[in-house]
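Student: I have not looked at this structure before. Could we go through it step by step?

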Amino acid sequence: MSLQKRKKSIDADVKITYKTYLKPLLYLLPFIISISIFTIYPFFNAFVISLKENYKALSGSFTGFGFGNYEYVLTNETFILALKNTITYVLWVVPISTALSLLVAVLLNRRTKLQAFFQTAYFLPLVTSAIAIGLVWRWLFNFDYGLINFVLSRLGADAINWLNNPSYAKIALIVYGIWSMMPFTIILLLAGLQNINKQYLIAAQVDGSRPTQTFAYITVPLLAPTIGLTMIVNMITAFKVFNELFALFNGKPGPAYSLYTVIYFMYEQFYVKYRLGTAAASAIALFFIVMILTLIQLYMQRKWKNY
Amino acid sequence: MKVTIKELTKKFGDFTAVDHVSAEFDDGKLIALLGPSGCGKTTMLNMLSGILPSTEGKIFFDDEDVTDLSADKRGVGLVFQNYALYPHMTVLENVCFPLRIRGVPKKERIEKAMKFINLVHIEDYLDRKPAELSGGQQQRVAITRALIKKPKLLLLDEPLSNLDAKLRVEMREEIRRIQKESGVTTIFVTHDQEEASSISDSIMLLKRGVQQQFGTVDDLCDNPVNLFTADFLGTPTINQVHGTWSEKGFVADGQTEIISFNVNIPTGTRLIYASRAEALKLNQDKQFEAEILEKYKVGKDTLVRLKYGNGSLRAYTEDKTIQIGDIVGVGMKDFGVFLFEAESGKRLL
C-alpha cells in the first residue's frame, strides 16, 4: 500500500471529536452570524420584551417582568376584533385560493401553445410590489370609476361601495388576498402535478376512468402532500395579513377602523403608540396560535399521505 | 374476442415505429409480440390499448372497428411493465378501482374482486399498499386489476422483465394458468424468445417495426421465413456458416467439400448455411468433417462446438468417447437445416 493510500484510509475512519466540526463550522459561520442577528435574536428578544412591563423603547427602562402585556392584549377589544377578522380572512382566503390555484395549475399543466404566456401572466403578481398592486385594486374597487362596479352596472346590479361599507370592505380584502396568494400556490401545485407519474393517469384511463374521475381519484390524492404543504404555508402567510390591508385602505384598518388584523394591531401598537411590550405580546400570541393550528393541520395530514 | 389489425402503422416524425402490420389474433389465445428492443412491440401494444393513436391502418375487435375509440372505451385490460399500481390505494382498492369508477356498489365490487383475488392468490395482503409488495406480488395485483373488468382483451407489457430469474419462470407459468382459466384473449410483449416460446400459442416476430413472421412456436422454429427469425428463436442460437453455392451444393468459406442439397440456386450465390444444434448428428451419414473445439455437459447430453469453415457449429451427441481435437464426420437430420441468401436473409431451403 502506498503512503498516500494509507493516509486516505486512515482519514476515512478517523475518530469524531469536537475538532472534526471546526472546519465545517467555519464555512457555516457567515450564515450563522447573519441568521443569529436578524432572526434568532429578535425572535427571543420579542419574548423578553413581551414580558417586560412598562417597557420604554428609548431609555430601555422597565418596571419588572410579568404577564401584564398579555393581559392587556388578550382583553383588548381591538385585538379580539383583529383576531376575529384575521381568522375570517384565513378561513376564506386559504381554501378558496388553494382550490382556484389547483384549477389553474391543472390547466397550466396541459401542454398548450399558450402555456408560456399563461405561466408568466399568473406568476407576475409574485414579482410585483404588494403596495403597487394594492393601488390597482383600490382603483378596481372604486365606487364611482371602478371596473368592478362598471361590470356590475352593466349586469344590471347596483354599484357597491366596496371600500367604505365595512361588510363589503371585508369581501374586497378577501378577494384581493385570494388573488395575491395564488401565484405562489400555483407554482407549488404545478411542481407537484409534474411530479405525478403519467403512467398512473394512463392506467386509470385504460381502467375506464373519465378525466373528472381520474382527477378526483388519482390526481388529487397523489397531490395531497403538496396541497397540504401549500395549505400550511398559505395559512401562516394569511395569518400575517397586513400589506393587502394597508394598501387597499390607504394605511387605515378598513372603513371606520373595522378591519383590524393581528399584524395591523401590532403595527399600530409599535409604530403609532410606541407600546413595544404590547406589540411584542401580540406577536407572540399570534405565534402560538399559528403554531398550534399548524401542528393540528400536520397531524391531520399525516393520515392523507401514507404511501 | 378475435382481434384483427390491418396495415397498422405508427410514425413518430420521420421514424416509423410500426410499419404496416396485419394479423388476426384468435379468440382465447395467448399471443406474444416478440422482438429486440426498439422493434415497435410496445408501440403496437399501446395502439391496441388505445393509449396511442395509430397513424394508419385499422384495428377490429371481432367485427367492430375500434381504431378511433379512446382507451377508456375499449374495455381492454393492460398490465404495465412497472405495473403502475396506484400508490395511495391498498391492494383491494387497486383491484376494485375499475369497478368503483363504473359505479358498482362497494359490497358488490368486493364480492367480484374476491373471485379474481382467489384466482391469482393475493388474498393474504389485501390491506397493504403497493410499496409494501414484492415485484411478483405487484404483478399479480396488476393482472387482477386488469382482469376484474372482464376485458375482452388482456395486454401485458414486458410483464416479467422486472422479476428475478427464478420468479420469472414461476410467473410466466402463472400467467399461462390465469390466461387459460379466464379464457381471455391475451397479447404480451417480450424481448425474450424463451419466454415467448414457453407459454404462447403463437408468436409475432417484429424487427424495426416490420412483421417478420406470425405463427405458432413450432412454425417459427421449424419453418423460419428468413435468417432473422431463424437466428432470433431457439436455444442455443442457430448455427451459421458463410459460403457459396457451387452447382451441386454449398461450399463453406475456407472448405473444399460440397454439401449437397436438393434445391435450385444460381451458381456463385453467397449463402448462409444454418442448422439447429439438434439437427446435426456426429459420426453418422457423414456429409462433412469438422474438428471438436469444446464440449460441455448439458443435462444428459453433451453439447460440442465444432470448427467448420470460418465459423463454428454446435451439436448434441450422446457419444461420451468424443474428445476435444477429434475430427468427426457430421451428418444432418431432415429438419432444422436451412439455407439463406446472405445479402437479403431470404430463405432458399
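Student: How many salt bridges does the structure hold over all chains?
Tutor: This is a predicted model, with an ipTM of 0.78 and a pTM of 0.76. Side chains of opposite charge can pair when their charged atoms come close. Over all chains, the number of salt bridges is 16.

Student: Why is B:E24 counted as partly exposed?
Tutor: Partly exposed residues fall between the buried limit of under 20% and the exposed limit of over 50%. B:E24 falls in that range because its relative accessibility is 42%.

Student: B:E181 and B:R177 also meet in a salt bridge; what separates them along their helix?
Tutor: Their side chains come to 3.1 Å, N to O. Both belong to helix α6 (residues 165-182) of chain B, where they are four residues apart, so the separation is about one helical turn.

Student: Which residues are linked with B:R177 in a network of salt bridges?
Tutor: B:R177 is partly exposed, at 26% relative accessible area. The network that holds B:R177 also links B:R140, B:E174 and B:E181.

Student: Is B:D253 buried or exposed?
Tutor: B:D253 forms a salt bridge with B:R270, with the closest N and O atoms 2.9 Å apart. B:D253 lies in the loop between β12 and β13 of chain B and B:R270 in strand β14, so the pair ties together parts 17 residues apart in sequence. B:R270 is partly exposed at 39%. B:D253 has a relative accessible area of 19%, which means that it is buried.

Student: Which strands are at the edges of the open sheet in chain B?
Tutor: The sheet has five strands in the order β13-β12-β11-β14-β20, with antiparallel pairing. Within it, β14 (residues 270-275) and β20 pair over five bridges, and B:I272 stands opposite B:F340. Strands that pair on one side only are the edges, and these are β13 and β20.

Student: Why is strand β19 of chain B largely enclosed by the rest of the structure?
Tutor: Strand β15 (residues 280-282) joins β19 through three bridges in an antiparallel run, with B:L282 opposite B:V330. Strand β16 (residues 288-298) also pairs with β19 in the antiparallel sense, over four bridges. Strand β19 (residues 327-332) is largely enclosed because its buried residues number five of the six.

Student: Which residue of chain B forms a salt bridge with A:D207?
Tutor: In the interface, 18 residues of chain A are in contact with 22 residues of chain B. A:V206, A:D207 and A:Y217 supply 35% of the area that chain A buries there, more than any other three residues. The rule finds two salt bridges across this interface. In the one formed by A:D207, the closest N and O atoms are 3.6 Å apart and the partner is B:R145.

Student: What is the nearest side chain of opposite charge to A:K52, and how far away?
Tutor: A:K52 is in strand β1 (residues 52-53) of chain A, and its contacts include A:F62 and A:N69. A:K52 is buried yet has no salt bridge. The nearest side chain of opposite charge is A:E53, at 13 Å.

Terms used
Residues are numbered from 1 along each chain as its sequence is written. Chains are lettered from A and ligands numbered from 1 in the order in which they are written. This is a predicted model: local features need pLDDT of at least 70, side-chain atom pairs count only at pLDDT 80 or more; totals for chains, interfaces and linings use all residues. Side-chain values use heavy atoms; hydrogens and water are left out. Helices (H or I, at least four residues) and strands (E, at least two) are DSSP runs, numbered from the N terminus. Buried means under 20% relative accessible area, exposed over 50%, partly exposed in between (1.4 Å probe, protein chains only). Lys and Arg count as positive and Asp and Glu as negative; His and the chain ends are not counted. A salt bridge is a side-chain nitrogen of Lys or Arg within 4 Å of a carboxyl oxygen of Asp or Glu. Contact means heavy atoms within 4.5 Å. Two strands pair if DSSP finds at least two bridges between them. Buried area is the accessible area (1.4 Å probe) that two parts lose on being put together, summed over both. Lists of a residue's contacts leave out its neighbours within four places in sequence.
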